[in-house]
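Please look over the sequence and the structure below before reading on. The report is meant to be read beside them.

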Amino acid sequence: MPLRHVPDVSFCCFSAIRAALLIQRWYRQYVARLEMRRRCTWNIFQSIEYAGEQDQIKLYHFFGFLMDHFTPASSERNLISHIFRENEVCHDADWERYFCYKDIEVPDSYCGPHLTFPMTFCGVSKLMEAFKLKQQLHARYVLQILGETWRLLRILPNINHVSVCHTKEITICGDLHGQLEDLLLIFYKNGLPSCEKPYIFNGDFVDRGKNSLEILLILFGFLLVYPNEVHLNRGNHEDHIVNLRYGFTKEVLGKYRVHGKKILKLLQKIFSWLPLATVINHKVLVVHGGISDSTDLDMVARIDRHRVREASRSGKNEDASGPAEGRRRVRSLTNTSAQGQRNNIPRRSLHNLSTSGAQLNCSVEDELKKRRRLAGFDQTYKEMKTLDSDSDPEFGEPTETHGHEWKQIVDLLWSDPMPQNGCISNEVRGGGCYWGPDVTEEVLGKHNLQLLIRSHECKQDGYEFCHNRMVLTIFSASNYYEVGSNRGAYIRMGHDLVPHFIQYQASRTCRELTLRQSVGWTERSALRALRQQLFVHKSDLIGAFQEFDPNNTGVISLRHWATATERVLKLGLPWRVLRPQLINRAQHGMVDYQQWIRELSITEPKPEVILETMYKNHSNLETIFRIIDTDHSGLISFEEFRQTWKLLSSHLKMEISDKAITDLAQSMDFNKDGSIDINEFMEAFRLVDLSTHA
């Protein structure tokens, strides 16, 4: 009797297995589609980030060149000298007096933490608790912590050597970028720094996040308490000029309106004294960016690291020895223009040009263009290595040594690994190099090392191996681009020198999202950022599209749309894959690009060309304005505004008439007091920016 039911059971089992396989296949396809969207989103964020860094470096290459080649008789050079603050205090004794905190009183109304010095573990703990409660440390204590940190850093070597054993592990953290919640979560999960729990923090403590100063004060506090257990490497964002663009300068001035300028100057000094690398048990090199085919750790150990202070600076700083003949140039961290070519260009004042008939009408703009052509910004990496030096014809110093030293630091802070062999210029960031596995093997072998740990790049899982597991990237700022975009991670390493990873998400919101919700959230944010990039290049896009539309029909193919868009933006994105998210209507493989451009428009520019250019370069403008505004009053004069635009228009290789600039300045001067409020000006850009998110 039961035999007749056996076929039914077999059939049911077969159906169940088949259904399970179909569900499994559907789920794998679903997850694969989500992963493709996630990777595409990631590429958008990273491409836009690196394009911004490249733009920053190009701008300061230009200003560095102008600084070298305009003489003090030039009014344009006087403006540029404000940008690089040539006349600041630079003798150690003067610094001690300038940053003295003793005259700053702490009022009875102050309700933040009161610190005692020398710093203690209890003092740093109080500091952390205050920051958790959103309290602000008084400027007196800030300057006192920074002053003590500066004195300590000056006696540290360029490369710290640390040891781990059976009973002691070391913790290595990557970029934090002002995200205090990530640092506090690391301490919660891993424990606070102590004699038994040493830490290495691998640079980029500041910029982008809202609590960069709090992170610095906590790290400096632990450094003062445990100088042998807490090690801070310098990152490419520990740099005065980079801070002007990416938010740290603005953060400090907003939190300390009275003493902010002093705090920033002292931090500028501190950043130049941060060590460049750490070596664990003589086998593991920890450095922020990476290496190049010319990296020499023995040379790095001998460099006067504090002489390389600012990004893209080519000005001169007076040596601590005092007299003019003792001056040395403080080099840029990102200036890759060829000094060899620069030294062949005679220094001239714009006001001392020949007044012969052909030259009588030579304008500032013409001279700027001429000097830009002579600047030689397009050297290859190999040429840059050969030509670059730290020469200054006015002082007749030997140049080769300082140029090599400067390049060593640039490569350590700015470089990225690549899968191919070789070493090439890092055109994506605009500074440092890309180095391949052959270079890793050569440099590690030369110094008897087995592993290179670096940071500098955001990774979706917080860490990533490459180069046959000889290079390890660690990144500790979770949700870096957007909530859910990436996890943060840190490394624990014991005596066996095997890295163990701990991953985390600092945002509770992200932890509550499903995979689909998380991908959708970050995808929408990335597409908003990409649409902004498309808008600010609107004029260039129209020109590129018209090349594929000789009959002016207003319609081009999707293939031509993708080709032209990449040619203009140079972001290296899969535009045809992104087309459904960017173009609402496309019939028969054709795009109405004129309608698409109209849909991109954020607001109607007045006048169109200048306002579009200003929106495209608002980060550059804010950076320049904040530098020119040396007293941090938030105001600049019409003349400063005019000169700024003349320099920027030359940098952009475009023509803007004096009348257009004057009309624009007057339209911004709402209270008609003859000056422009920079904060209101930049707020207008933020309002325009917010309108794109609607």
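The report below goes from the chain as a whole to its aromatic contacts, its strands and a few single residues.

The model is predicted, so local features are reported only at pLDDT of at least 70 and side-chain atom pairs only at pLDDT 80 or more, while totals for chains, interfaces and linings use all residues. Residues are numbered from 1 along each chain as its sequence is written, and side-chain values use heavy atoms, with hydrogens and water left out.

**The chain as a whole**

Of the 694 residues in the chain, 55% are buried, where buried means under 20% relative accessible area, exposed means over 50% and partly exposed lies in between, with a 1.4 Å probe and protein chains only. Among contacts between residues at least 6 apart in sequence, 73% join residues at least 24 apart, a contact being heavy atoms within 4.5 Å.

The UniProt annotation "domain: EF-hand", from an unreviewed entry, covers residues 536-571, 616-651 and 656-691; UniProt positions are given in the numbering used here, feature names are shortened, and annotations may be inferred rather than shown by experiment. Over residues 536-571 the chain is 64% helix and 8% strand, with the end C-alpha atoms 14 Å apart.

**Aromatic contacts**

Rings of Phe, Tyr and Trp (its six-membered ring) are paired if their centres lie within 6.5 Å, and planes under 30 degrees apart count as stacked, over 60 as edge-to-face and the rest as tilted. By this rule the count comes to 17 aromatic pairs. One of them joins Tyr199 and Phe201, which are stacked at 5.3 Å centre to centre with 5° between the planes. Tyr199 counts as buried because its relative accessibility is 0%, and Phe201 counts as buried at 1%. Another pair, Phe545 and Tyr593, is tilted, with 5.4 Å centre to centre and 50° between the planes. Since Phe545 lies in helix H19 (residues 538-547) and Tyr593 in helix H22 (residues 593-600), this pair ties together parts that are 48 residues apart in sequence. Phe545 is buried at 0% relative accessibility, and Tyr593 is buried with a relative accessible area of 1%. Phe121, Phe187, Tyr199, Phe201, Phe222 and Tyr226 form one aromatic cluster.

Charges also sit over rings, a term used if NZ of Lys or CZ of Arg is within 6 Å of the ring centre and within 35 degrees of the ring normal.

| Charged residue | Ring | Distance to ring centre |
|---|---|---|
| Arg154 | Trp150 | 4.7 Å |
| Arg469 | Phe465 | 3.8 Å |

**Strands and their partners**

Strands of a sheet pair through backbone hydrogen bonds, either parallel or antiparallel. Here two strands are paired if DSSP finds at least two bridges between them. An open sheet of three strands has the order E9-E11-E10, with mixed pairing. Strands E9 (416-417) and E10 (423-425) stand at the edges with a single partner strand each, so one side of each is left without a neighbour in the sheet. E9 runs parallel to strand E11 (residues 433-435), the two being joined by two bridges, and Pro417 stands opposite Trp435 in E11.

How enclosed is strand E15 (residues 488-493) by the rest of the structure? Five of its six residues are buried, so E15 is largely enclosed. Strand E2 (residues 170-173) runs antiparallel to E15 through four bridges, and the bridge partner of Ile172 in E15 is Ile491. Six bridges join E15 to strand E16 (residues 499-504), again antiparallel, with Met493 having Pro499 in E16 as its bridge partner. E15 and E16 form a hairpin with five residues between them, and Leu497 in the turn has a positive phi of about 60°.

**Two single residues**

Lys197 is found in the loop between helix H6 (180-190) and strand E3 (199-201), and counts as partly exposed at 27% relative accessibility. Leaving aside residues up to four places away in sequence, Lys197 touches Asn190, Gly191 and Leu192. Lys197 and Val230 are 33 residues apart in sequence and 8.9 Å apart in space, C-alpha to C-alpha.

Glu35 is found in helix H1 (residues 6-69) and counts as partly exposed at 25% relative accessibility. Glu35 and Arg516 are 481 residues apart in sequence and 9.8 Å apart in space, C-alpha to C-alpha.
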